[in-house]
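Where does a protein leave space inside itself, and what lines that space? Rolling a probe the size of a water molecule over the atoms shows where empty space is left.

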Amino acid sequence: AVTNSEFTYERVKAIADWLLARVDTRPRIAIVCGSGLGGLAEKVQNSMVFAYEQIPDFPRSTVVGHKGNLVIGLLDNVPVVCMQGRFHSYEGYSNALCTMPMKVFKLMGVETVILTCAAGGLNLSFDVGDIMVIKDHVAPLLWTLQNPLVGLNDDRFGPRFPAANKIYNKKLREEFKKIAKDKNIDLREGVYSSFGGPCYETVTELRALLQMGVDAVGMSTANEALVASYCGMKVFAIALVTNKAVIDYDSDNHPFHEEVIETANRRAQVLQELVTEFVKKISF
Ligand code: 6GU
């Protein structure tokens with residue numbers, strides 16, 4: 001397995017330098033587009049598009065609904081670097097590999113990372129299509145040797161023992177909520193949980209999560225948020241509730257990827273509008 005220590009500072013810096021040598025833009029904001037939300041990257045202008053397989057040391061995207069491009073350009077005149085599609089542990093990638101792009105962003109000069117993802121709604125008051133600002137996470141994979149920070153630590157990235165209680169920047173959350181309020185868009189705020197996938201969770205697992213205070217569940221984001229925060233970048237994350245998590249033992253319903261993509265497509269416009277406005281606001 002690839003461990004944190006295999007992504008040495010020098011190896012990550014080589015990737016960052018490779019990218020910086022090919023663009024004039026110097027983005028201070030990075031955006032990760034989750035399932036069905038890659039349309040945001042198409043709003044980026046004067047962009048340079050790098051297919052992941054073009055970038056040295058980058059893994060490939062293997063998921064339907066996820067393109068695999070790194071897009072660098074201007075989102076409403078603000079320089080951004082945008083991941084159109086992310087890496088997941090269920091693709092066979094270690095969490096260290098899945099989160100390596102965060103370190104690349106750091107060495108490119110990025111200060112703020114915006115993460116988006118699709119998630120199943122667990123909170124009983126949530127509806128399909130709701131947008132949830134993430135304020136905390138529960139990520140069992142990160143309790144194990146799958147934690148992307150396991151391995152030799154390089155203090156140039158971050159501390160050996162990083163705090164995890166303030167990963168999701170409060171000011172940024174407030175800023176985003178203000179923007180939504182001005183636009184009359186309803187927002188939720190809550191706790192996100194991620195499992196490794198690719199299977200969805202059992203009824204009992206979901207019920208346990210609900211009891212723990214989890215509001216939405218997905219297969220990504222928490223690992224990236226951890227590493228971005230560890231690297232000293234500000235983190236903001238939103239989950240789009242694409243389906244309801246099934247917590248009834250006798251329900252005939254079940255989650256499926258097509259529904260996830262369909263809801264994401266339906267709500268992509270609103271999400272893009274919010275994120276674009278947000279990026280403009282925080283770029284000052
Ligand atoms: Cl119900 N679970 C997980 N882990 N990911 C999801 C989901 C559920 N719905 C959308 N993505």
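Predicted model: local features only at pLDDT ≥ 70, side-chain atom pairs only at ≥ 80, totals over all residues.

**The ligand and its shell**

The residues around the ligand are Ala119, Gly120, Tyr200, Glu201, Val217, Gly218, Met219, Thr242, Asn243 and Val260. By class, this shell divides into 5 nonpolar, 4 polar and 1 charged residues.

| Residue | Protein atom | Ligand atom | Distance |
|---|---|---|---|
| Gly120 | backbone N or O | nitrogen | 3.2 Å |
| Gly218 | polar backbone atom | nitrogen | 3.2 Å |
| Asn243 | side-chain N or O | nitrogen | 2.9 Å |

On its own the ligand has 290 Å² of accessible area, and the protein covers 96% of this area. Strand E5 (112–121), strand E8 (216–218) and strand E9 (234–244) are the elements that give two or more residues to the shell around the ligand.

**The largest pocket**

The ligand takes up the space of the largest pocket, in which about 450 Å³ of space lies. At least two residues of the pocket lining come from each of E5, E8, E9 and helix H7 (257–282), and the largest share, 4 residues, is supplied by E5. The lining of the largest pocket comprises 14 nonpolar, 11 polar and 2 charged residues.

**The second largest pocket**

The second largest pocket holds about 220 Å³ of space and is lined by 14 residues, of which Asn243, Lys244, Ala245, Val246 and Asn253 lie nearest its centre. The lining of the second largest pocket consists of 6 nonpolar, 6 polar and 2 charged residues.

**The cavities**

How many cavities of 30 Å³ or more does a search of the whole structure find? The search finds 3 of them, and the largest cavity has a volume of about 70 Å³. The lining of the largest cavity is made up of Ser89, Asn95, Ala139, Leu141, Leu142, Ser194, Phe195, Gly196, Met219, Ser220 and Asn223, and these residues divide into 5 nonpolar and 6 polar, with no charged residues.

How values were computed:
Residues numbered from 1 in each chain as written. Heavy atoms only, no water. 1 Å grid on protein atoms, 1.4 Å probe; cavity = no way out; pocket = protein on both sides within 12 Å on 5 of 7 lines; lining within 4 Å. Points joined across faces, edges and corners; volume = space filled by probe spheres on them. Nonpolar A, V, L, I, M, F, W, Y, C, P; charged D, E, K, R; others polar. Near = heavy atom within 4 Å. Polar contact = N/O pair within 3.5 Å; in protein donor to acceptor, adjacent residues only side chain to side chain. Areas by Shrake-Rupley, 256 points an atom, 1.4 Å probe, with all protein chains shown as cover. Sits in = over half its atoms within 2 Å of the grid points.
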